[in-house]
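Subject: Structure for you to look at

Hello,

Here is the structure I promised to pass on. Please load it first, then read my notes below.

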Amino acid sequence: DRQTLVAVLQFLRRSNLRESEEILRREARLLGDDVGAAALSPTGTGLLGTAGGDADSAGENALLSRVTTAATVAIGGSAAAVASSSPGVAAVAAVPPGKGGLLRGRCPGRGGRPLPAGPLGTGGTLCLLQPRGLSVMLGHKGGVVVEDQPDVSAVLSAYNQQGDPTLYEEYYSGLKHFIECSLDCHRAELSQLFYPLFVHMYLELVYNQHESEAKSFFERFHGDQECYYQDDLRVLSSLTKKEHMKGNETMLDFRTSKFVLRISRDSYQLLKRHLQEKQNNQIWNIVQEHLYIDIFDGMPRSKQQIDAMVGSLAGEAKREANKAKVFFGLLKEPEFDVPLDDEDEEGENEEGKPKKKKPKKDSVGSKSKKQDPNAPPQNRIPLPELKDSDKLDKVMNMKEAARRVRLGPECLPSICFYTFLNAYQGLTAVDITDDSSMIVGGFADSTVRVWSVTPKKLRSVKTAADLSLIDKESDDVLERIMDEKTASELKILYGHSGPVYGTSFSPDRNYLLSCSEDGTVRLWSLQTFTCLVGYKGHNYPVWDTQFSPYGYYFVSGGHDRVARLWATDHYQPLRIFAGHLADVTCTRFHPNSNYIATGSADRTVRLWDVLNGNCVRIFTGHKGPIHSLAFSPNGRFLATGATDGRVLLWDIGHGLMVGELKGHTDTIYALRFSRDGEILASGSMDNTVRLWDAVKAFEDLETDDFTTATGHINLPENSQDLLLGTYMTKSTPVVHLHFTRRNLLLAAGAYSSQ
């Protein structure tokens with residue numbers, strides 16, 4: 001409307017923006033100082049011509065390229081994001097329909113006073129919010145031409161030309177100098193700004209087609225970034241033209257998720273004062289638009305404390321992300337009598353049914369009588385009923401537990417290593433059954449191979465015709481149904497059409513899961529050694545899958561960045577856990593089956609609630625993609641291993657990092673706690689198995705309220721005190737570890753001749 005136009009012209013004149021003023025006058029057909037002579041033409045063809053308008057499009061583009069930045073359009077109470085063909089203007093946020101009324105913006109250039117609000121009535125008001133403190137309201141009756149472009153354009157549009165490209169290096173080096181000269185206590189915290197600012201300033205230069213300035217900016221400052229961002233910088237260096245940014249995932253991640261920095265209030269005030277004194281709006285805009293600064297009250301963190309926690313694709317986790325209550329306790333075991341006599345051993349039949357004797361309660365059975373105060377309600381999620389065979393298995397388990405070796409620094413486990421020789425098919429996954437009777441390998445030639453580790457051979461069930469002849473009442477019916485003719489040490493399962501990246505036995509040993517590059521998860525029967533179901537949900541390679549400790553449920557994670565929860569009798573996933581910014585590389589169930597941990601190539605670990613699909617923990621600190629996860633047997637702690645060669649230990653209840661184990665020199669592919677949780681074993685591509693003292697690592701944890709609230713973690717300086725032993729293989733990377741029920745450690749890998 002006319003008054004708005006007059007106000008804008010006066011503002012332009014006051015700001016010495018003569019050129020813009022002239023163009024606006026020409027477009028609005030206002031000459032000289034005769035501001036009242038003419039207003040916008042009522043047809044809507046004045047300032048922003050609609051498709052049928054007769055405005056001079058060159059003038060329009062020239063105007064738009066000056067009135068830059070994010071535009072929010074609302075027409076008739078409904079909203080649309082506008083993307084314009086001119087390099088200047090583009091759109092991001094839109095107002096939801098019915099939420100019309102006032103559109104307000106704050107403008108840093110005016111000391112943060114609210115901009116004039118525009119009514120979003122039926123005429124529609126196009127409001128261009130200029131971060132430099134210019135608010136332009138354009139009356140507009142016609143429709144707006146909206147190009148239908150993918151999200152990327154809307155995301156990229158925030159990178160409009162916002163400053164003189166030649167000054168970017170000056171801005172950045174000015175801030176760098178300020179931070180490097182600040183007090184030690186603030187320097188470490190403020191140094192976190194270098195990387196996200198570097199990336200956004202570089203992308204802004206590229207997006208606005210200042211390619212030579214972008215190149216020089218990158219070359220001058222990329223060497224200053226922390227070493228753990230090298231991989232990201234390599235991707236960034238390949239984005240040298242605006243066109244490259246269109247379909248780039250890394251680009252989208254960085255833009256759509258705000259980079260999170262955790263900074264003390266004192267350091268933040270210092271930064272804010274500096275930027276306002278220098279009037280360095282360019283950097284201040286990026287801080288406000290692209291970064292999320294999680295401010296806490298209290299002492300600034302030290303360089304070591306910050307280094308331990310940073311390194312993920314989107315900075316640290318917000319403290320709010322780790323506040324939800326997590327039921328990390330174990331579920332109460334069902335009670336039944338356990339006969340425990342050595343003479344039973346001889347009197348058992350094949351299936352392990354003990355003869356009836358006067359039951360003696362086993363200590364393991366009586367341990368879990370009291371409900372753990374941190375455990376979830378027993379019926380929080382539906383779990384499958386125990387079958388008779390499961391109960392028998394529990395009895396066997398308790399007997400084995402009675403003979404279990406108590407491990408500790410003075411009593412380390414023996415390690416039995418299964419080496420896959422001549423595995424030219426490329427061994428890509430291994431799993432071992434809970435009772436250590438079978439081992440499975442997934443291979444790059446798309447086969448799944450199952451071996452029996454005990455003298456007992458693998459047999460299939462007889463054909464239907466033969467089964468009908470069996471006396472179903474006989475005591476050894478479970479033996480009779482097996483076909484001796486099929487007995488062999490190895491069974492090969494064919495069905496996948498790509499490398500098999502994950503395998504998992506069901507707790508009752510009746511089923512086997514495998515997941516593959518072909519995008520499917522397959523369920524195999526270990527009675528017939530055939531495929532029962534192919535679960536299709538992922539459209540890309542599936543990197544890992546695992547059965548719940550109670551069976552029935554299983555989880556898968558893949559290249560599509562989500563993890564899915566399935567039940568064996570459903571074709572569709574029950575839950576989809578979305579939130580990671582890169583591939584989900586490994587998945588693990590919590591021992592109580594109410595939670596799932598996922599590790600990702602975005603260098604974070606997330607804990608998800610199976611009941612409602614919420615993400616209840618985000619753990620950052622690894623400097624490379626995560627490849628192994630292990631929960632402690634008591635459910636309180638989580639160990640994670642990654643390509644950075646570090647094992648990190650987490651307290652799930654408090655959402656804190658409580659330890660860091662350094663020693664491996666390559667990716668850690670296997671982590672496992674001993675049966676009672678005294679020892680943590682880690683296996684790596686550096687051809688070693690290392691044993692760590694888990695009891696010592698988790699004792700005397702200082703998890704006071706302050707630490708929990710601010711993340712001031714104090715890790716012991718030297719993790720070598722916790723290292724109990726290092727065991728080399730000749731030339732076999734370790735891909736799987738498993739503690740037997742008696743605490744013998746089994747390890748597996750394929751011999752590599754290089």
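The secondary structure of the chain comes to 19 helices and 36 strands. Please keep in mind that this is a predicted model.

Overall figures first. The chain has 754 residues, and 51% of them count as buried.

Next, the nonpolar cores. The largest one holds 43 residues. Which of them touch the most other members? They are Leu-193, Phe-198, Phe-217 and Leu-236. Helix 7, residues 194-207, gives the most to this core, with 11 residues. A second, separate core has 21 residues. Among them are Tyr-595, Phe-631, Ala-642 and Leu-715. As background, nonpolar side chains in soluble globular proteins tend to be buried together.

Leu-193 deserves a click. Leave aside its neighbours within four places in sequence, and Leu-193 is in contact with Ile-179, Leu-261, Leu-271, Val-287 and Leu-291.

Now the helix pair. Helix 7 packs against helix 9, residues 230-237, at an angle of about 10°. Their axes are 12 Å apart. Angles under 35 degrees count as roughly parallel, so helix 7 and helix 9 are roughly parallel to each other. Helix 7 brings Tyr-195, Phe-198, Val-199, Tyr-202 and Leu-203 to the contact. Helix 9 brings Asp-232, Leu-233, Leu-236 and Ser-237. By type, the residues of this contact divide into 7 nonpolar, 1 polar and 1 charged. Phe-198 and Leu-236 are in this contact, and both are also on the list of core residues that touch the most other members.

Last, a loop residue. Asp-666 lies between strand 30 (656-662) and strand 31 (668-673). Is Asp-666 buried, exposed or partly exposed? Its relative accessible area is 31%. Buried means under 20% and exposed means over 50%, so Asp-666 is partly exposed. Not counting residues up to four places away in sequence, Asp-666 touches Ala-642, Thr-643, Gly-645, Ser-684, Met-685 and Asp-686. Ala-642 in that set belongs to the second core. Asp-666 and Asp-686 are 20 residues apart in sequence. In space they are 5.2 Å apart, C-alpha to C-alpha.

Best wishes

Key:
Residues numbered from 1 in each chain as written. Predicted model: local features only at pLDDT ≥ 70, side-chain atom pairs only at ≥ 80, totals over all residues. Heavy atoms only, no water. Core = buried A, V, L, I, M, F, W, Y, C linked by side-chain atoms within 4.5 Å. Buried < 20%, exposed > 50% of the residue type's maximum accessible area, 1.4 Å probe, protein only. Helix = DSSP H or I, 4+ residues; strand = E, 2+ residues; numbered from the N terminus. Contact = heavy atoms within 4.5 Å. Axes fitted to C-alpha atoms, helices over the stretch in contact; angles between N-to-C directions. Parallel < 35°, antiparallel > 145°, perpendicular 65-115°, else oblique. Nonpolar A, V, L, I, M, F, W, Y, C, P; charged D, E, K, R; others polar.
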